[in-house]
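Hello,

Here is the structure we talked about. My notes on its pockets and on one residue follow below.

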Amino acid sequence: MFTGIIEATGIIIGIAGKGTNKTFRVQSSMAHELKPDQSLSHNGVCLTVEAIKGNEHIVTAILETLEVTNLEDWAPGTIVNLERCLQMNGRLDGHIVQGHVDATAVCETVKDKEGSWEYCFRIPGRFRHLVIEKGSICLNGISLTIFNLEEDKFTVGIIPYTFEHTNMQQVKPGDKVNIEFDVIGKYVQRMHFAGNTI
C-alpha cells in the first residue's frame with residue numbers, strides 16, 4: 001500500500017529480458033535504504049526488490065504488468081518515480097494507492113501557468129466512470145487531484161515542488177503515464193454492477 005507521495009526518482013541503467021519477463025536495474029539515492037523482498041512503487045507500479053548493490057536495485061516485471069503499464073517504454077536513462085510502502089504509523093498525505101496500475105493515459109497538453117503546470121490526459125473510455133471532479137487519481141505513482149473533467153479527459157495541476165522532484169518534468173504531449181484509479185471508486189462500481197450485494 002502506498003500514498004502517492006514520491007520519495008525519490010531513479011534512473012533505469014539496465015534492462016534484461018528472460019522469457020516474457022523484463023528485469024530492470026535502477027539507480028537511486030535511496031538504494032541503501034532498501035532491502036530484498038521489499039515492495040517499492042516504480043511510476044506507480046508495485047514491484048519487489050530482488051537485490052541491492054551499491055546505489056542500484058533490481059526488480060522484475062511479468063508479462064501482465066508489461067502489457068498494462070508503460071514499462072515497455074522504459075529504456076536506459078528513463079527517470080522513474082519511487083515510493084516505499086506506507087507505514088501504518090505514518091500520515092496518509094496523498095490517498096490510498098495499491099500500486100496496481102489499471103491502464104495508461106496519454107498526455108494531451110502541457111500548459112505553463114507561470115507558477116504551476118496543467119497537464120491534460122486522455123484515458124480509455126471504458127474507465128471514464130471512475131474519474132470525478134476533484135477526485136483523487138494516481139499518475140506515474142503521484143497522488144493528484146482531477147479538475148476540468150470531460151468525457152474521457154481530465155486535467156491535473158502540478159506545483160513546483162512536484163515538478164522538480166518527480167518525472168513530470170519529462171512528460172510531454174503524446175507520452176503515456178501509468179494510471180491507477182481510486183480504489184474506493186472501483187469497489188463502489190463493483191458493488192453497483194453486482195446488484196448492491198455483498
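The largest pocket has 15 lining residues. Nearest its centre are Thr78, Ile79, Gln170, Asp175 and Lys176. Please keep in mind that this is a predicted model.

The space in this largest pocket comes to about 320 Å³. Its lining splits by class into 4 nonpolar, 7 polar and 4 charged residues.

Next, the second largest pocket. Its volume is about 280 Å³.

Is Ile52 buried, exposed or partly exposed? Its relative accessibility is 30%. Buried would need a value under 20%, and exposed a value over 50%. Ile52 therefore counts as partly exposed.

What does Ile52 touch, leaving out residues up to four places away in sequence? The contacts are Ala31, Leu34, Lys35, Pro36 and His57.

One distance to go with that: Ile52 and Asp73 are 21 residues apart along the chain. Their C-alpha atoms are separated by 23 Å.

Best wishes

How values were computed
Residues numbered from 1 in each chain as written. Predicted model: local features only at pLDDT ≥ 70, side-chain atom pairs only at ≥ 80, totals over all residues. Heavy atoms only, no water. 1 Å grid on protein atoms, 1.4 Å probe; cavity = no way out; pocket = protein on both sides within 12 Å on 5 of 7 lines; lining within 4 Å. Points joined across faces, edges and corners; volume = space filled by probe spheres on them. Nonpolar A, V, L, I, M, F, W, Y, C, P; charged D, E, K, R; others polar. Buried < 20%, exposed > 50% of the residue type's maximum accessible area, 1.4 Å probe, protein only. Contact = heavy atoms within 4.5 Å.
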